[in-house]
Structures are given as C-alpha cells and as structure tokens.
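The dialogue below takes them one at a time.

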Amino acid sequence: MYIAMKKVRGILSRVGLGLLVTAVAAYFGMEIFRVASDPLTTALVERSVAEETVEVSGFVVRQETVLENQSGLMSLLLNEGEKVGAGQAVAILYKSDDALARQEELEALQVKRRQLEYAESVALGAATALRFDSEIWEELLRLRSDIAAEGLGSGTEARISSLRSMIMQRDYSARGEDPTEELKKVEEEIEKLERELSRSAQEIKTPAAGIYSAAVDGYETLLLPETVGELLPSELESLSAGSDYSAIGKLIGSAKWYFAAVLDSSTAGRLRAGGTAELRFPKLLEDKLNCRVESIGEEEDGKRTVVFSCTRYLADMTRARHAEAEIIFESWEGLRIAKKALRVNENGQSGVYCLVGLSARFKPVTVVYKGEDYCLVAPDDPSGETTRIREGDQAIIAAEDLYDGKVVG
C-alpha cells in the first residue's frame, strides 16, 4: 500500500512539473508572439531645414569693358578674377616668333635668378644639404598627391617650379660653392634680353582699374546694369549674342553684379523694389546670398523682368552668364520627424512617443512646418529636460496601443 501511494505521488509530481513547464513555455511563447507581431518602427530625430522656393533662370550682368584683340603673337599676364590697377599690363604683344621665344627664355632666366639669389642667401655646407633633402622629399610627396587629385595644372606647375628651385639650392649647398659668379652671368643675360624685347614687344595696358576675366561671350554690350531692368520679358528671354567676337578678355569695373530674370507676375508681386531677397545659385555657389531687389519691370503677358544685385562672390561669378537660381521666400528650421510619429495623448496634447531604454516616453512637441510625409517641430529645449524631444532621439513611428511608460523594446 505504501509503495503504491509513493508511485502515485511520483506520477502526480511529474505531471505537475510538466504542466508548470508547459505554462511557462506558453507564457513566453505568447510574449514572443506579441513582441514579434507588434509593428515597432522607429526613426532617428535629426535637425533639418524646409524652404519655400521658386526656381528661375536668367542672366548674370556686370559692368564690363571688352579689351579688344590685336594682331600678333600675344602672351597674357593675368589670371581669371585677378585685380588690376589702371595702366597695368594685361598682355604682351610680340612682333615675331623670335621675340616670343626670347620672352620665354627671359622668364626662364628670371626664375633661375630667383633660385640663385636664394641659394646665395642660405648657409652652405653638408647640414644645409641634408635639410634640403628632407624638404625635397616632402615636396615630391605633395606633388604626387596634387597630380593624383587634379592632374597637371597651374597648381602642379608651380610646385614643379618650386621643386626645381630646391634641387638647385641643394646642389650648391652640397658642393659648398658660391653661386655669386653664375648669378652675375644670369643678370647680364637678363639685361640683354630685356633690351632686345623693348624693341620687339609691346605691352597692352588696362584703361582703368578692375577685375580681369578672359571669358568674353558677346553679351558685354547687350546686358548693361543701367538698362537691363528696362527690357520686357520677351526681350530678355529672346536675347542672344552672336559668336563673332574676338578679344583678349574684359575688365569688370565694379564689385557689384546683377542677376536679371523673368518671373511670373504673382511671384514678382511677392517682392518689393528696393527690398531684399534671398537667392541661391546651386550650380555656382554653395552659400545663399542676400540680394537687393533693384527693379521690377512692367508686366507683359503675366510676366515681369526682375533685377537683383549683390556685392559678394564676384570672383566666383566672373565666368557666369546664363544661370539658374532659387528665390527663397521662407524657410523653417527644426527637428524632422515622420508625420506618422505625431500622436495625441490621453490629455489631448500633441507629441511624439520616443524609445527610451525599453519604454515608450511621450514628449510634447510644437509643429513649425508640415511637409508631404514629414514635419518639423521646434528645436529641443536648451535646458535639456528629458520630457522635451531632442536631436538623436528615436521617435516611434509604428507600435500598437502606445502609452507613456509602455515596455516596447
């Protein structure tokens, strides 16, 4: 009898343990199913900017004087966007090929003179040679990097010239020789060539001070700052310059440049002559420009010619003529969240549930802009309160039965 009861108790214990294990497994299974079926989706809260813009195309207008071309062999002395004074030489006109060859020889000798003058000024000896070895090696590495990034250009040519100078200086230092005698010979050759060139070359000088540009397109006499605002929209849109022009460049006489564009009357009506407007030239400049609205022309078929002006970034605009721009009428800055993340809590307050640890935390927000599928909310509170939404938070876009403090992670 005792043995039978003992067997019964053992069977009941095993059954109880089996039921307990089954119950625990069922509980965890249900929890896993609940978590798996709960569509928890989050997105990082980031700062963003939204803008109301209107895209336009038009002409860049400058105060320009064309520097007429002259027959003969010519060598330009200026770079694009370089400032020049009145009477400064723009180019040198040569009477023959021999004169041009002598000019090239003169320039090479002038470079050599500078190298010899430097070699003469440095201390001579083995220590100096070792210093030059290190500098030459560093210059070679920079040259290799420049060629890999940009190819052969004006920047690499300047570095090659510098490298040649350093090698010459190192050579004199290593031999312990004094370059004074060779420098004297080079100076004599330079003087001789300069006398010859004074009879076979002529300098072309600027009529006034300004900024030099080699980009001549024929619009210089068609688009004038003082009259471009008088053009009707049809006249500005049909404006075309011929390709038959020859010049050695042009002189931009003022740092103030203009942008003339045709706008529909409703867009132009949002601007005020004498007021300001914010423009962006995506293909030309990275920064937005605060421009003055110089004039708003007469209406023609629902359009108006509008002229803007600016005094910044002229050096970046010397080659531009046809340009595309964006007029920025309004902009908003805030924290970007998906519209689906916006919710109303039990108190009727608008906000966003954010994932904090494993829990959903409700954070009230103030919407400053609504886009198609997103919105911008007011930036985070500088006080750093955890109840305010902040950049870097994980906003919950989708989840079931959310409430403040719900475990969702």
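**Reading charge, core and backbone**

Q: Which helices supply the negative surface patch, and which residues form it?

A: This is a predicted model, and in it helix H2 (97-121) and helix H5 (180-200) each supply at least two residues of the negative patch. The patch is formed by Glu105, Glu117, Glu187, Glu188, Glu189, Glu191 and Glu194, and its largest share, 5 residues, comes from H5. Glu105, for its part, lies in helix H2 and is partly exposed, with a relative accessible area of 42%.

Q: Where is a nonpolar surface patch found, and is Trp137 buried or exposed?

A: Trp137, Leu140 and Leu141 make a nonpolar surface patch of about 300 Å². Trp137 has its place in helix H3 (residues 126-150), and because its relative accessible area is 55%, above the 50% cut-off, Trp137 counts as exposed.

Q: Which residues touch the most other members of the largest nonpolar core?

A: The idea here is to look for buried nonpolar residues that are joined through side-chain atoms. The largest such core has 26 residues, of which Trp257, Phe259, Leu263, Leu279, Phe281 and Phe308 touch the most other members. Among the elements that give two or more residues to this core are strand S2 (46-61), strand S10 (257-264), strand S13 (303-310) and helix H8 (314-317), while the largest share, 4 residues, comes from S10.

Q: Are Glu220 and Lys250, which meet in a salt bridge, buried or exposed?

A: The side chains of Glu220 and Lys250 meet in a salt bridge at 3.1 Å, N to O. Glu220 lies in the loop between strand S8 (210-213) and helix H6 (233-237), and Lys250 in strand S9 (residues 247-252), so this pair ties together parts that are 30 residues apart in sequence. Glu220 counts as buried at 3% relative accessibility, and Lys250 is buried as well, with a relative accessible area of 1%. Both also belong to a network of salt bridges that links Arg62, Glu64, Asp217, Glu220, Lys250 and Arg321.

Q: Which residues other than glycine have a positive phi, and where do they lie?

A: Here one reads the backbone angle together with the place of the residue. Asp301, in the loop between S12 and S13, has a phi near 55° and counts as exposed at 76% relative accessibility. Tyr313, in the loop between S13 and H8, has a positive phi of about 60° although it is not a glycine, and it counts as partly exposed at 27% relative accessibility.

Q: What separates Ala398 and Thr42 in sequence and in space?

A: Ala398 and Thr42 are 356 residues apart in sequence, and their C-alpha atoms are 7.1 Å apart in space. Ala398 lies in strand S20 (residues 394-398) and, at 23% relative accessibility, counts as partly exposed.

Technical notes
Residues numbered from 1 in each chain as written. Predicted model: local features only at pLDDT ≥ 70, side-chain atom pairs only at ≥ 80, totals over all residues. Heavy atoms only, no water. Patch = residues over 30% accessible without salt bridge, like charges linked within 9 Å, V, L, I, M, F, W, Y side chains within 5 Å. Areas by Shrake-Rupley, 256 points an atom, 1.4 Å probe, with all protein chains shown as cover. Salt bridge = Lys/Arg side-chain N within 4 Å of Asp/Glu carboxyl O. Lys, Arg positive; Asp, Glu negative; His and termini not counted. Charge placed at Lys NZ, Arg CZ, Asp CG, Glu CD. Buried < 20%, exposed > 50% of the residue type's maximum accessible area, 1.4 Å probe, protein only. Core = buried A, V, L, I, M, F, W, Y, C linked by side-chain atoms within 4.5 Å.
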